[in-house]
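Work through the exercises below with the structure open beside you. Try each task before you read its solution.

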Amino acid sequence: MPPYAFFKGKFMPLSEARIGIVTHAFNYGTACFEGIRGNWNEEHGQMYIFRPIEHYQRLLDSCKVLQIEIPHTIDELIALTVELVQRCSYREDTYIRPMAYKSSEQVGVRLHNLESSFLLFVVPFGPYLDITKGARCCISSWRRIDENMIPPRAKINGLYVNNALAKTEAFEKGFDEAILLTHDGHVSEGSGENIFVVIDGQLITPPSSDNILIGITRDTVITLAKQELDIETVERSIVPDELYTAEECFLTGTAAHITPVIEIDDRKVGGGAVGEITKKLQVLYFDVILGKNTKYLDWCTPAYKLVKT
Ligand code: PMP
């Protein structure tokens, strides 16, 4: 089965889905996107698409910010996604990439008077960071883009240059991931993840006012911690030295799942190993995303019709 894409209103081989070099989004970053996981459950013979409603709601919100109109409802977008995943028939973890973009082939920086299009593709995608051993992070010298520059709650392609600068700086310094601060020095998030710390047994994560993307994995963790572990999450600003002294720290994201942070700026987090609360959350989370926890099956959309018996 060749990889497929949904492009220009139809399904086609991924190799044929090409944009022209004058495309507005390519020149100016005027696009928004999502990353959705298709989680492969070998035992069920099933690919579970995780929380597509929330992802497509966030995409439509990002579209509003960029004045992009796409001719699909959330239900239609999910149906297209299911069909694409079926056509590709991967039997491994995947990453689904919807994108809404300014598709006019016109030069000129603006949002108005431009056509919009929607595309979708899916690629095999294993672990992004080391979820078993954990990640070594640094505080980036790049600050997280501010609300009045590019709205950070929208997942806008052009904004991701900020994240890419931070990620590569971290990589070149020998770290696995970067943690970005806001302009006023509060902890914001990783280059592609939200961040949590455990202090005095309490879960703490930055509020949306600290320029984070409001992550769907973040919400999943907050929900599971409350409902399954009876731990409330406090949303409040975090200062960098709280990262150094926290008992535990972890990152959350569609690609990164729940990645423990074992070191920040060469200081061990807690004992330098994966923390107890982090471990418990990981166990719960992986059961949920693999469709093994019936209580949260509403979050999992099965893509394949034929379930192995
Ligand atoms: N922050 C940024 C900058 C991201 O790119 C992501 C990944 N989408 C996240 C946070 C986590 O969001 P989610 O859990 O919805 O994937």
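Predicted model: local features only at pLDDT ≥ 70, side-chain atom pairs only at ≥ 80, totals over all residues.

Residues are numbered from 1 along each chain as its sequence is written, and side-chain values use heavy atoms, with hydrogens and water left out.

**Exercise 1. The helix α3**

Task: Work out what span helix α3 (residues 74-88) should have, and compare it with the distance between its end C-alpha atoms.

Solution: 
- Start with how a helix is defined: helices (H or I, at least four residues) and strands (E, at least two) are DSSP runs, numbered from the N terminus.
- Next, take the rule for the expected span: 1.5 Å times one less than the number of residues.
- Helix α3 has 15 residues, so it should span 21 Å.
- The end C-alpha atoms of α3 are 21 Å apart, which agrees.

Task: Which residues of α3 are buried?

Solution: 
- Buried means under 20% relative accessible area, exposed means over 50%, and partly exposed lies in between (1.4 Å probe, protein chains only).
- The buried residues in α3 are Ile 74, Leu 77, Ile 78, Leu 80, Thr 81, Val 82, Leu 84, Val 85 and Cys 88.
- An α-helix has 3.6 residues a turn, so residues three or four places apart point the same way.
- Now step past the end: Ser 89 follows α3 and has a positive phi, near 55°.

**Exercise 2. The ligand**

Task: Find how many residues surround the ligand, and name the closest.

Solution: 
- The ligand is surrounded by 16 residues.
- The closest are Tyr 160, Glu 189, Ile 216, Thr 217 and Thr 254.
- At least two residues of this shell come from each of α4 (160-172), α5 (216-229) and β14 (248-253).

Task: Which polar side-chain atoms lie by the ligand, and how much of the ligand does the protein bury?

Solution: 
- A polar contact is a pair of N or O atoms within 3.5 Å.
- A side-chain N or O atom of Arg 58 is 2.8 Å from a ligand oxygen.
- For Lys 155, a polar side-chain atom is 2.9 Å from a ligand nitrogen.
- For Thr 254, a polar side-chain atom is 2.5 Å from a ligand oxygen.
- Alone, the ligand exposes 380 Å², and the protein buries 97% of that.

**Exercise 3. Single residues**

Solution: 
- Asn 113 is not a glycine, yet its phi is positive, about 55°.
- Asp 265 also has a positive phi, near 50°, and sits in the loop between β15 (257-264) and β16 (267-268).

Solution: 
- Gly 190 and Cys 138 are 52 residues apart along the chain, with 9.6 Å between C-alpha atoms.

Key:
Near = heavy atom within 4 Å. Polar contact = N/O pair within 3.5 Å; in protein donor to acceptor, adjacent residues only side chain to side chain. Areas by Shrake-Rupley, 256 points an atom, 1.4 Å probe, with all protein chains shown as cover.
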